[in-house]
Amino acid sequence: MIPDSRLLVHDGTFAVLDAAGDVTGRSGASPDGLFLHDGRHLSRWRLGLDGSDPDVLVPLRTDGSGGTAVLCPPFRRDRPPACTVHREQAVDSGALVERLRLTANVGHEVTVRVALTAAADFADVFALRGDHTFGTPGAERSAEPLADGVAFGYRREGWRAGTTVTAQPPPESVTPVNAADGRPADGGDAHRLEWTVTLPPHGSARIDLRVTARPHTGLGSGEPASSPAAARDRVSGEVDAYVCADPAPARLTRWPELLRACEQGLADLAGLRVPAAGPDDEPLLPPAAGVPWFLTLFGRDSLLTSLYALPYRPDLAAATLPALAATQATGADPSRVAQPGKIVHEIRHGELAHFGQVPFGRYYGTVDATPLFLVLLGEYTDHTGDTATALRLEQHARAAVDWMFRHGGLDERGYLVYESDAGGLANQNWKDSPGSICDADGTPAQGALAVSEVQGYAYDALRRTARLARTVWDDAAWADRLEEAADDLKSRFRRDFWMDAEDFPALALDGSGRRVTALGSDAGHLLWSGILDGRDARAVGRRLLEPDFFSGWGVRTLAAGQPAYHPLTYHRGSVWPHDNAVIALGLARHGLHDEARRLAEGVLAAAERTGWRLPEVLAGHGRDDHPEPVSYPHSCSPQAWAAATPLALLTAVGAAPGA
């Protein structure tokens, strides 16, 4: 998000606005607009007063789902404005709700000309990101003036989407922008709504507006909010209840920075929950990945977020597990990298996914979501004592284990492996950008890759599933086989991955079984999963806190000093809060408490400097290079596993419930 952007988010809907509350139609690293189901339903929303852009007296201040700005007609010291406008905005489910309250500043009657220019381009988020150019052959846009606003429409073959703008009182006129001022805009569908407002001496008037998105995928039937205040009150009540629910962070830590970060993280997690359905079509609210690019169910992200939050908010795991079970692959489809038993990578609802122009409608290009599903199921059962969920999902768990052996690579290679998907993701672990799995000199690894951290997840998944088989499913024979497989995997891993000269594990094994030599943060995940222990675990943990890895804000994805290192790449030198969450948990598991606290101090220092909301990713520049964390331009914020990172730190530094 760019610094001047304001974000409102709730129930799968989000709006990105500028300081005045406007939308400009921006694309690229930080697009603005009203978004739902991977589409932009409002691409222009511009307020005018007396024919000019208003001056901003108080920039839009947001509190999650809503915000207020104070504006006025252009201000001159020798001619102060005759009126002030309080602009209140909020997102509701599938809508942007707005109230303009105009107040006369003078003791005589004032007439103000108010205009709102609106447009909807219905752009897909993948097109807005700008990585690729996508055609939309046969697409048709429409704009129909209404008595109380304007209705925008979009159609392409069987795909339909719409946006309706309504106002009370109704506008005096609704005219196309290009007809009104001769300037075509937004494909010619932009319309201007205009009012003449007469204010009595020191009196006021208001205009209420609602922008309702109508995605192709449809919406739920919730009761719409009557005003921005009503929407904000409803959402803030839900968020406050979520933040303050037992166990409340305020009762678990006296570390003020950790408390602030935990409370902000919980508030963000409350807003990032999205509607989904379980195996019996029951409604669920699992965490989405993040805004603006990933406000949808994501296998890996939703699972790790739920794991970090589990000691404090088990409802996330209780929603994520059945949501992912419901989307588990039951057959093979190479175009989606689907195989029986595999857990989904992501679900998309947009136009480009619908027409197959991106493969992500229901995409399975992930090697780690399946073992992480089993890890979460086991940990959720242990933590809550809820065996009913494990019993309900037994067949899904067995299918996931079967995928690990038959299709994932444990039978054939002895490790979980993946190959690059030419139409989708080049890498299918959490470092999924091209070139992220590489040698120290930057040469990308080739062939079917066995990345290190995923073998740890597989080991943990086998151990936890064995415990479920023995204690919940009454299948001791299968439990024995899984435990034996886990032990074999652990012994093989040390032999095949450990680099004696570096006293550190390889990043991966390539298709020929050769070690991939870059020194990466993935090694910290091996402490968390338990596939490394004893001397090796302690050596890795201490190595990750050396200056080439630890930037002062967190552990870098790749150690500095290697030719492959670049501080402004997505996965080859940046700092990811969620990555550091796993590392902190691993350090604590192996008794490296001083190291865990030092890591937590760095991450929390970054949180303090980003308004307590940790972004998805930071640049790898060190704290000694610049006194503030350097942002990564395409970072999501809020982002679910970054929001849950303070909760993982709370666990790692010894303040978990019952600790």
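A residue counts as buried here when its relative accessible area is under 20%, as exposed when that area is over 50%, and as partly exposed in between, with a 1.4 Å probe and with protein chains only taken into account. By that rule Arg313, at 3% relative accessibility, counts as buried. The model is predicted, so local features need pLDDT of at least 70 and side-chain atom pairs count only at pLDDT 80 or more, while totals for chains, interfaces and linings use all residues. Residues are numbered from 1 along each chain as its sequence is written, and side-chain values use heavy atoms, with hydrogens and water left out.

**The chain as a whole**

- The secondary structure of the protein chain comes to 18 helices and 27 strands, where helices (H or I, at least four residues) and strands (E, at least two) are DSSP runs numbered from the N terminus.
- The radius of gyration is 26 Å, close to the 26 Å that the globule rule gives for 659 residues, so the chain is as compact as a globular protein of that length; the radius is taken over C-alpha atoms, and the rule is 2.2 Å times the number of residues to the power 0.38.
- Along its principal axes, the C-alpha trace spans about 85 × 50 × 50 Å.
- Of the 659 residues, 59% count as buried.
- Among contacts (heavy atoms within 4.5 Å) with a separation of 6 or more, 66% are between residues 24 or more positions apart.

**Surface and charge**

- The accessible surface comes to about 24300 Å², and carbon and sulfur atoms hold 49% of it; such areas come from the Shrake-Rupley method with a 1.4 Å probe, and for residues only the protein chains shown count as cover.
- The chain has 63 positive and 85 negative charges, whose mean positions are 2 Å apart; Lys and Arg count as positive and Asp and Glu as negative, while His and the chain ends are not counted, and the place of a charge is NZ of Lys, CZ of Arg, CG of Asp or CD of Glu.

**An annotated region**

- An unreviewed UniProt entry lists residues 453-609 as "domain: Mannosylglycerate hydrolase MGH1-like glycoside hydrolase"; positions are given in the numbering used here, feature names are shortened, and annotations may be inferred rather than shown by experiment.
- Over residues 453-609 the chain is 57% helix and 5% strand, with the end C-alpha atoms 30 Å apart.

**Helix 18 and what follows**

- Helix 18 (residues 645-652) is mostly covered, with 7 of its 8 residues buried, among them Leu647, Leu649 and Leu650.
- The buried residues of helix 18 pack against helix 4 (256-272), helix 5 (299-309), helix 15 (577-589), helix 16 (593-609) and helix 17 (640-643).
- Just after helix 18, Gly654 takes a positive phi of about 95°.

- Arg313 is found in the loop between helix 5 and helix 6 (315-326), and, not counting residues up to four places away in sequence, Arg313 touches residues including Tyr242, Asp246 and Leu266.
- Arg313 and Ala248 are 65 residues apart in sequence, with their C-alpha atoms 9.7 Å apart in space.
- Arg156, in strand 12 (residues 149-156), is buried with a relative accessible area of 4%, and its C-alpha atom is separated by 9.7 Å from that of Phe355, 199 residues apart along the chain.
- Beyond residues up to four places away in sequence, Arg156 touches residues including Gly135, Glu351 and Phe355.
- Ser43 lies in the loop between strand 4 (39-42) and strand 5 (44-49) and counts as buried at 0% relative accessibility.
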